[in-house]
Each structure stands twice: as C-alpha cells, then as structure tokens.
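Dear colleague,

Here is the structure that I promised to hand over to you. Please open it first, and then read my notes beside it.

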Amino acid sequence: MKATKEQQLEALQNWATKLNLKIHVVFQEDQRKKIPMFFAVSERTGHIISPSKLTYDQMNHFLCGWNNCLYRN
C-alpha cells in the first residue's frame, strides 16, 4: 500500500523535528503531477536549507546527510 502525501509529510516531519527543521510540501499548480515534492526550512533561521523540490525518497536521503553532518563527531 502506497503512503499518502500526508503520511509521507508526517514521517519526514517526525525526523526533521529532531534536526530542528520544518518540512513543507511544494504547491503544484499542475494537478496531473501525482508525486508530492518537499523542501526543508531551518526552524532557527527560517532559511530554506534543501533543494526546493525533493521527492519523499530524496528528502529521506537529504535528512540522512544532514543528520550525519550534525552528529558525526
């Protein structure tokens, strides 16, 4: 069973909260596009820190890298 956009957003946000990030869904005017896109914003500064359009899998990889960057040492 495929996860809905809301379930994907919740799963990403659960992890992003640990990293002080907020995940947003990219608004798409073309309703034919069915793949939801996401981007991450820093809760501290409010700056966008990820590329502006990432799929669920790409955002997962981005969060893995961000986590490694913060907690490697």
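The radius of gyration used here is taken over C-alpha atoms, and the rule for a globule is 2.2 Å times the number of residues to the power 0.38. By that rule a compact globule of 73 residues would have a radius of gyration near 11 Å, and the chain, with 13 Å, agrees with this. Please keep in mind that this is a predicted model, in which local features need pLDDT of at least 70 and side-chain atom pairs count only at pLDDT 80 or more, while totals for chains, interfaces and linings use all residues. Residues are numbered from 1 along each chain as its sequence is written, and side-chain values use heavy atoms, with hydrogens and water left out.

**The chain as a whole**

The chain has two helices and two strands, which follow one another from the N terminus in the order α-β-β-α. Helices (H or I, at least four residues) and strands (E, at least two) are DSSP runs, numbered from the N terminus. Along the principal axes, the C-alpha atoms fill a box of roughly 45 × 30 × 15 Å. Of the 73 residues, 30% count as buried, where buried means under 20% relative accessible area, exposed over 50%, and partly exposed in between, with a 1.4 Å probe and protein chains only.

**Helix α1**

The 14 residues of α1 should span 20 Å at 1.5 Å a residue, and the end C-alpha atoms are 21 Å apart, which agrees; the expected span is 1.5 Å times one less than the number of residues. Which residues of α1 are buried? They are Q8, L12, Q13 and A16, and, seen down the axis of α1, these buried residues fall within an arc of 125°, so they line one face of the helix. The arc is that of the directions from the helix axis to the C-beta atoms. The face turned away from this buried side carries the exposed residues E6, E10 and N14. Just after α1, N20 takes a positive phi of about 60°.

**Helix α2**

Helix α2 covers residues 56–71, and its 16 residues reach 22 Å from the first C-alpha to the last, close to the 22 Å expected. Here M59, F62, L63 and N67 are buried, and because they cover an arc of only 140° around the axis, they are on the same side of α2. On the other side, D57, H61 and C69 are exposed. What covers the buried residues of α2 includes α1, β1 and β2.

I23 lies in strand β1 and is buried, with a relative accessible area of 4%. Leaving aside residues up to four places away in sequence, I23 touches L9, L12, Q13, A16, F38, F39, A40 and M59, where a contact means heavy atoms within 4.5 Å.

**The cysteines**

How many disulfides does a search of the whole structure find? It finds zero, a disulfide being a pair of cysteine sulfur atoms within 2.5 Å. The sulfur of C69 is 13 Å from the closest cysteine sulfur, in C64, which is too far for a bond. C64 is partly exposed, with a relative accessible area of 36%, whereas C69 is exposed, at 61%.
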